[in-house]
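Let's walk through this structure together, step by step. Have the sequence and the 3D view open as you read.

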Amino acid sequence: MKRQSLTAILELQRSIREGQLDVDGAAHLIAEWARSVANASGVAMGRLKGDQLIYTAGSGSAASYIGRRVMATFSTWAPNEIGSEILRVEDTTTDGRIQAAVCRQFGVKSLLILPI
């Protein structure tokens with residue numbers, strides 16, 4: 001990991017611990033950091049609420065997703081395991097674990113879904 005990435009993580013942790021950052025502020029900084037580290041054009045973060053994914057933070061090309069809601073169905077997750085696995089999808093057009101139509105709607109070509 002690059003030194004500047006580690007420094008950013010430590011700064012984020014300090015800001016949260018000291019109460020200088022709320023959940024939404026932390027999510028925004030995490031999205032910015034993740035986009036930089038992954039060299040991605042955009043990063044969107046959402047919260048799973050029932051059967052919907054609600055985008056709460058975004059960076060780069062995904063910043064406009066904030067507030068959008070989409071149906072969230074992941075066939076690899078059993079209901080009692082949601083949030084306990086990391087799901088990595090290299091190609092959203094061919095991976096049967098996710099809904100390709102939703103990914104096309106947002107222009108998503110790959111995904112990394114993980115609990116925070």
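**Salt bridges, a helix and a strand**

Glu-32 is partly exposed, with a relative accessible area of 30%. Keep in mind that everything here comes from a predicted model. The side chain of Glu-32 meets that of Arg-35 in a salt bridge, with 3.7 Å from N to O. Arg-35 is partly exposed too, its relative accessible area being 26%. Both residues sit in helix H2, three residues apart, which is about one turn of the helix.

Now zoom out to the whole chain. The protein chain has three helices and five strands, and from the N terminus on these elements run α-α-β-β-β-β-α-β. Of the 116 residues in the protein chain, 25% are buried. The accessible surface of the chain comes to about 7900 Å², and carbon and sulfur atoms account for 54% of that surface. If you look at contacts between residues at least 6 apart in sequence, 31% of them join residues at least 24 apart.

Back to helix H2, which covers residues 23-38. How does its length compare with what 1.5 Å a residue should give? The 16 residues of H2 should span 22 Å, and the C-alpha atoms at its ends are 22 Å apart, so the two values agree. Within H2, the residues Gly-25, Ala-26, Ala-27 and Ala-31 are buried. What do the buried residues of H2 pack against? Their partners are helix H1 (3-17), strand E1 and strand E2 (52-60). Just after H2 comes Asn-39, which takes a positive phi of about 55°.

H2 also takes part in another charged pair. Side chains of opposite charge can pair when their charged atoms come close. Arg-47 and Asp-24 are joined by a salt bridge between their side chains, at 3.5 Å from N to O. Arg-47 lies in strand E1 (residues 42-49) and Asp-24 in helix H2, so this pair ties together parts that are 23 residues apart in sequence. Are these two residues buried, partly exposed or exposed? Arg-47 is partly exposed, at a relative accessible area of 36%, and Asp-24 is partly exposed as well, at 43%.

How many salt bridges does the structure hold? There are six. One of them links Glu-90 with Arg-88, and here the closest N and O atoms are 2.6 Å apart. Glu-90 is exposed, with a relative accessible area of 55%, and Arg-88 counts as exposed at 56% relative accessibility. Elsewhere in the chain, Glu-11, Arg-14 and Glu-18 are linked in a network of salt bridges.

For a last stop, find Arg-69, which lies in strand E3 (residues 69-71). Is Arg-69 buried or exposed? At 52% relative accessibility, Arg-69 counts as exposed, because the cut-off for that label is over 50%. Leaving aside residues up to four places away in sequence, Arg-69 touches Gln-52, Leu-53 and Ile-54. With Gln-52, the link is between side chains: a polar contact of 3.2 Å joins the two.

Conventions: Residues numbered from 1 in each chain as written. Predicted model: local features only at pLDDT ≥ 70, side-chain atom pairs only at ≥ 80, totals over all residues. Heavy atoms only, no water. Helix = DSSP H or I, 4+ residues; strand = E, 2+ residues; numbered from the N terminus. Buried < 20%, exposed > 50% of the residue type's maximum accessible area, 1.4 Å probe, protein only. Contact = heavy atoms within 4.5 Å. Areas by Shrake-Rupley, 256 points an atom, 1.4 Å probe, with all protein chains shown as cover. Salt bridge = Lys/Arg side-chain N within 4 Å of Asp/Glu carboxyl O. Expected span 1.5 Å × (residues − 1). Polar contact = N/O pair within 3.5 Å; in protein donor to acceptor, adjacent residues only side chain to side chain.
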